[in-house]
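Q: I would like to learn how the features of a model such as this one are read, step by step. Could we begin with the packing of helices and then turn to confidence, burial and the interface?

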Amino acid sequence: MNPPALSPAATEAPPIEKVDLRAEFNEVGIGEVLDQLDRELIGLKPVKTGIREIASLLLIERIRKRMNLTSDVPTLHMSFTGNPGTGKTTVALRIASILHKLGFVRRGQVVSVTRDELVGQYIGHTAPKTKEILKKAMGGVLFIDEAYYLHRPDNERDYGQEAIEILLQVMESQREDLVVILAGYGDRMDKFFASNPGFRSRIAHHIDFPDYADDELLAIAELMLREMNYKFSADARQAFIRYISLRKTLPLFSNARSIRNALDRMRLRQANRLVADLDRVLTAEDIVSLEASDVLASRVFSKSAVT
Amino acid sequence: MRVTQGCFSFLPDLTDEQISRQVQYCLSKGWAVNIEFTDDPHPRNSFWEMWGLPMFDLCDAAGVLMELNDCRKVYGDRYIRISAFDSSHGWESQRLSFIVNRPKEEPGFRLERNEVEGRSIRYTTKSYAVDRPEGVRYGGK
């Protein structure tokens, strides 16, 4: 067993006078995370700018702390708004690692929950449930997806309100232990904040996730395919560009998520096409490429042909 | 008389900072941390009441400290201890336990001599505190 930690915290270093910002920047390794963010997330300009700003603030705050220029711990709670499939959850994971590298959260784990995990079924069930989640998230990031479901305006006896009150209390009193990120679709989040002013005022950073443009969606598709070890043939790529522009006009379009689903269906069709001809000898090239026919078989095209 | 049970009880009371570092140690070992309280300080009293459920899957001691402070608000006049349970195969038992809160006044124990057959004597210890009913033993309402 390790010796128990009874000695008082290590004696504090004397305040420093000068700081080499570049050295500090490199030491924290935050440049790496931001670069990775740039590389792996396509588009999302305002989001990246927002994260860069937060990261800079935190870096300076870290230096200030070492210079003994203490100020309150900055409020780090955030809200992410945007349409489905715009990368809110992915970014939340990145944020956690940035905060961890800068030492603003101690452990850097992300606990991702929705209403179900916070709100109980009967009287007296909600508080322990919410607290349990909060305890698990301590030292890291609590990501509440579709946060507006916590508040049910049509039912005033709904237990969601109890969860909200506990959350607000902990968000305020244990700011240095926990960062809460609320996420959801823009208009409904606005309504949620309007009916819970406490939340709005306790959240410093509101980041809006824009929809992706056509070329960004194509780039996302190609990135996803590369990760899955597939690629488009030249024809298929052209067909997919058409697919994107058609799919966007249809209802229930959810950005990158729709793209992922479309790719999954194309893989299915490709496999089906390959298996249909059992006498053929397959090359690696055949197996990794998606052909135009795999794309064009989508019902998106048939619908547009009818109307 | 100061009750000495569990780890660290011969040391001065741990500060919250020290408690949280001990808890962090437990969590780093993957042990489930529990908060228990009682107002019967007899060393053979193994039935302390639990505050909430055992805390599994925590990453950081702040969560335990939050519960501990809640428990202190309600049972600040009793003994509170933190124990850590190791569920790994071969152990499956409590690995660490230490007192984190004690009453202001600890009246201590008396030794009772029970004369039995012949000149034999049987001894037993009794806490002065348990002469009063449960809940009001340490100046509770």
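A: We start with the term contact: two residues are in contact if their C-beta atoms, placed from the backbone, lie within 7 Å. Helices (H or I, at least four residues) and strands (E, at least two) are DSSP runs, numbered from the N terminus. In this predicted model, local features need pLDDT of at least 70 and side-chain atom pairs count only at pLDDT 80 or more, whereas totals for chains, interfaces and linings use all residues. Residues are numbered from 1 along each chain as its sequence is written, and chains are lettered from A and ligands numbered from 1 in the order in which they are written.

Q: Which residues of α6(A) meet which residues of α7(A)?
A: On the side of α6(A) they are Thr126(A), Ala127(A), Thr130(A), Lys131(A) and Leu134(A), and they meet Glu162(A), Ala163(A), Ile166(A), Leu167(A) and Val170(A) of α7(A). By class, this contact of α6(A) with α7(A) divides into 6 nonpolar, 2 polar and 2 charged residues, where Ala, Val, Leu, Ile, Met, Phe, Trp, Tyr, Cys and Pro count as nonpolar, Asp, Glu, Lys and Arg as charged, and the others, Gly among them, as polar.

Q: At what angle do helix α6 and helix α7 of chain A pack, and how far apart are their axes?
A: Two packed helices are described by the angle between their axes and the distance between the axes. The axes are lines fitted to C-alpha atoms, for helices over the stretch in contact, and the angles run from 0 to 180 degrees between N-to-C directions. Helix α6 (residues 126-137) and helix α7 (residues 160-173) of chain A pack at an angle of about 40°, with their axes 9 Å apart, which makes α6(A) oblique to α7(A). Angles under 35 degrees count as roughly parallel, over 145 as roughly antiparallel, 65 to 115 as roughly perpendicular and the rest as oblique.

Q: Is the crossing of α6(A) and α7(A) left-handed or right-handed?
A: A crossing is left-handed if the near helix is turned anticlockwise from the far one by less than a right angle, and right-handed if clockwise; for α6(A) and α7(A) the crossing is right-handed.

Q: What is the angle between helix α2 and helix α4 of chain A?
A: Helix α2 (residues 30-40) and helix α4 (residues 88-101) of chain A pack at about 170°, their axes being 10 Å apart, so α2(A) is roughly antiparallel to α4(A). Ile30(A), Val33(A) and Leu37(A) of α2(A) make the contact with Arg94(A), Ser97(A), Ile98(A) and Lys101(A) of α4(A), a set with 4 nonpolar, 1 polar and 2 charged residues.

Q: How should I read the confidence, and where in chain A is it lowest?
A: The score is pLDDT, the predictor's confidence in each residue, from 0 to 100. Where pLDDT is low, the predicted coordinates should not be read in detail. Among the elements of chain A, helix α15 (residues 299-306) is lowest, at a mean of 69, and strand β3 (residues 141-144) is highest, at 94. Over residues 1-11 of chain A pLDDT stays under 50, and the model has 7 contacts beyond four places in sequence for them. The mean for chain A is 85, with 93% of its residues at 70 or more, and chain B averages 92, with 99% of the residues scoring at least 70. For the complex, the predictor gives an ipTM of 0.82 and a pTM of 0.81.

Q: Is Leu44(A) buried or exposed?
A: A residue is buried if 20 or more other C-beta atoms lie within 10 Å of its own, exposed if 12 or fewer, and partly exposed in between, with C-beta atoms placed from the backbone. Leu44(A) counts as buried because it has 22 C-beta neighbours inside 10 Å. Leu44(A) is found in the loop between α2 and α3 (45-66) of chain A, and has a positive phi of about 55° although it is not a glycine. Glu285(A), in helix α13 (residues 284-288) of chain A, is exposed, with 9 other C-beta atoms within 10 Å. In chain A, buried residues make up 30% of the 307 residues.

Q: How many residues of chain B are in contact with chain A?
A: There are 14 residues of chain B in contact with 17 residues of chain A. On the chain B side, α1 (16-28) and α2 (62-75) are the elements that give two or more residues, and α1(B) gives the largest share, 5 residues.
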